[in-house]
Amino acid sequence: MTQQTAPPPRAGTSSDQPDGPHALDRPLTTPVQLIDPDGRAVDDDRYPLPGTDRLLRLHRALVAARRLNDVASALVRQGRLAVYPSSHGQEACQVAAADVLGDGDWLFPTYRDTAAVVARGVDPVEALVSLKGEWHCGYDPTELHVAPQATPLATQLPHAVGVAQAAALRGTGEVVLALCGDGATSEGDFHAALNFAGVFTAPVVFLVQNNQWAISVPMSRQSAAPSLAHKGVGYGVPSRRVDGNDVAACVAVLDEAVERARRGDGPTLVVAETYRVQAHTNADDATRYREQDEVDGWVPRDPLTRLTAHLRSSGALDDDVAAQADEAADALAATLRASAVEDATPEPSELFAHVHAEPTPQLLAQAALLADELDDAPQGSPR
């Protein structure tokens with residue numbers, strides 16, 4: 001009996017498997033790309049290029065996200081922010097994550113996803129509060145369905161699946177999009193979340209921003225899998241790879257994943273191949289572990305430059321439209337600079353205000369001890 005093998009993938013297609021009931025269950029061999037680094041449209045037989053109006057909206061969001069990163073980084077150097085993990089070069093993933101969600105859907109961000117939080121509609125001043133050293137996240141997560149930015153790696157992912165599963169049980173139709181980085185895929189919470197989502201068919205989309213470095217650990221030392229997208233297969237979670245510096249491809253792939261979750265077909269793992277152009281944070285010296293040639297190689301793939309070139313070549317973006325995007329970004333920057341001048345005046349007793357709905361005896365005792373110590377402190381000493 002002659003053994004039959006599957007035909008090779010067709011040239012120019014984003015699908016690495018023949019059509020069939022399990023075609024969606026295989027990671028892609030090549031990341032989906034709809035606009036190349038030079039701004040040229042790339043034909044794809046599965047994912048159409050988003051319309052011009054949407055691309056212009058995404059361009060405005062990219063301009064704002066880049067300005068947010070630049071201003072926040074400057075505020076750190078001025079001592080106005082304690083720390084800022086820049087997403088410079090990763091803005092396509094950020095604005096795409098916000099763009100594909102409906103009003104009732106949830107976004108679960110990481111510490112590097114401030115641009116996504118702002119693109120989702122959170123006041124940029126409130127979004128930076130925790131990075132000034134405040135004890136809270138700065139905004140009401142229930143108002144715009146944006147969870148607090150998670151600093152511990154991957155801990156937000158099981159929470160995201162829990163919210164998604166609760167929505168499924170209630171039948172309310174919300175979808176949850178959870179962001180994480182490549183380093184988070186090495187954490188146990190990542191695997192628990194994918195297994196939870198796969199078993200219960202939860203309406204959640206996992207977007208991994210593979211920026212090639214988990215602080216100083218390169219991708220080659222994190223996983224021996226052919227790609228991070230392959231990690232979804234073991235949990236029965238369909239997986240996709242996308243060019244994370246191509247905002248058009250990002251929204252196209254995420255649109256499909258969100259629609260799939262909303263109709264009850266379960267989770268999707270989307271891995272965006274991108275790059276962390278700047279250091280991990282202002283406290284990091286990236287020159288100690290990576291070569292500048294590597295960074296320079298990614299600069300021509302910049303997401304903002306790429307989309308701008310595409311819209312310019314098509315005639316959709318002229319000087320007037322570009323100026324409007326710049327003016328909006330200038331207003332955002334001015335607001336952030338003005339707010340940064342105001343120093344926070346923390347109230348120590350607030351540490352105990354929101355730990356439990358009903359304070360425990362131990363919590364009350366700790367609050368009383370702190371109050372006594374503050375009362376005994378010399379006049380004018382820092383609180």
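**Cysteines and strand β6**

The sulfur of Cys 137 has its closest cysteine sulfur in Cys 180, 20 Å away, which is too far for a bond. A disulfide here means a pair of cysteine sulfur atoms within 2.5 Å.

A word on the source. This is a predicted model, where local features need pLDDT of at least 70 and side-chain atom pairs count only at pLDDT 80 or more, while totals for chains, interfaces and linings use all residues. Residues are numbered from 1 along each chain as its sequence is written, and side-chain values use heavy atoms, with hydrogens and water left out.

Back to the cysteines. Cys 137 is buried, at a relative accessible area of 17%; buried means under 20% relative accessible area, with a 1.4 Å probe and protein chains only. Cys 250 is also buried, at 3% relative accessibility. Its sulfur lies 4.6 Å from the closest cysteine sulfur, in Cys 93, and that is too far for a bond.

Next, strand β6, residues 239-243. Strands (E, at least two residues) and helices (H or I, at least four) are DSSP runs, numbered from the N terminus. Five of the five residues in β6 are buried. In a regular strand the side chains alternate between the two faces of the sheet. Here Ser 239, Arg 241 and Asp 243 point one way, and Arg 240 and Val 242 the other.

β6 runs parallel to β7, residues 268-273, and five bridges join them; strands pair if DSSP finds at least two bridges between them. Val 242 has Ala 272 as its bridge partner in β7. From β6 the chain passes through helix α8, residues 247-262, to β7, in a right-handed β-α-β crossover. Right-handed means that, with the strands pointing away from the viewer, the path from the first strand over the helix to the second runs clockwise.

Methods: Buried < 20%, exposed > 50% of the residue type's maximum accessible area, 1.4 Å probe, protein only.
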